Amino acid sequence: VSTQSTWGDTRPVSKRTMPSCARDPSGPTLLSNARLPADVAAKLLAPSGHVEAAAVLRDALQMTDTDESAILLDMYTALFKFAADQAFTALQASALLAVMRHTHAVCTATPLYNFEETFAGFKAALLAFCVHRPGTSMALFSPQQSRAIVAHVVGSYFRHYRLYKCACAPEAALTLAIRCATPPPELLPEEAAAAEPAE
């Protein structure tokens, strides 16, 4: 029997199911994986319409025309609008994009409910850009900027966490198999005769 999982499952996911980078991400690694060219970041931070910014991001991230890509593209475009309002530099905007791509990867790593793990991954990724530890983290955001980022992400991404999970996470199929622990007892002769169909 195969059945689809439900999103109401509130069982916590073990940390063993999470990527190791979700628990202790490296700032340089995150930034190198999501770094945008300087000219692209400058276009996204410059005043422009939502459609124009979305087109630039789609080409820069090589996103396909799928429903999931459209959802993520809308989130990333709003993210750069927030970065422009906060007067972030191109490097800071790229780091913020890296944080959110990492956060979304943790969210969609499992079809099960993992809100706590996703928020922990977000905090760890953001912290990698708030503390200066050469080789591990870099101080790109000030305490005031990090507080603004947390307020924005909590009010946008995590406020709609279940919608992102439902739209982007893989579906889970549960297969059930019933096995008898002991073989069935043998029937007595009179019981076997009674169980035989009458002609």
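User: Which residues are buried in α7?
Analyst: In this predicted model, the buried residues of α7 are Glu117, Thr118, Gly121, Phe122, Ala124, Ala125 and Leu126. They are called buried because that term means under 20% relative accessible area, whereas exposed means over 50% and partly exposed lies in between, with a 1.4 Å probe and protein chains only. Residues are numbered from 1 along each chain as its sequence is written, and side-chain values use heavy atoms, leaving out hydrogens and water. As the model is predicted, local features need pLDDT of at least 70 and side-chain atom pairs count only at pLDDT 80 or more, while totals for chains, interfaces and linings use all residues.

User: What share of the residues in the protein chain is buried?
Analyst: Of the 199 residues, 37% are buried.

User: What makes a stretch of the chain a helix or a strand?
Analyst: Both are DSSP runs numbered from the N terminus: a helix is a run of H or I with at least four residues, and a strand is a run of E with at least two. The protein chain has 10 helices and two strands, in the order β-α-α-α-α-α-α-α-α-α-β-α from the N terminus on.

User: How do you know what span to expect for α5?
Analyst: The expected span is 1.5 Å times one less than the number of residues. Helix α5 (residues 67-85) has 19 residues, and its reach of 27 Å from first C-alpha to last is close to the expected 27 Å. Helix α7 (residues 115-127), with 13 residues, reaches 18 Å, close to the 18 Å expected.

User: Why is α5 called roughly antiparallel to α8?
Analyst: Two packed helices are described by the angle between their axes and the distance between the axes. Here the axes, which are lines fitted to C-alpha atoms over the stretch in contact, with angles from 0 to 180 degrees between N-to-C directions, lie 12 Å apart at about 150 degrees. That angle makes α5 roughly antiparallel to α8, because the term applies over 145 degrees; under 35 is roughly parallel, 65 to 115 roughly perpendicular and the rest oblique.

User: Which residues of α5 and α8 meet?
Analyst: Ala78, Leu79 and Phe82 in α5 meet Ala148, Ile149 and His152 in α8, contact meaning heavy atoms within 4.5 Å.

User: Why is His152 neither buried nor exposed?
Analyst: His152 has 23% relative accessibility and therefore counts as partly exposed.

User: What makes the crossing of α3 and α4 left-handed or right-handed?
Analyst: A crossing is left-handed if the near helix is turned anticlockwise from the far one by less than a right angle, and right-handed if clockwise. The crossing of α3 and α4 is left-handed, whereas that of α5 and α8 is right-handed.
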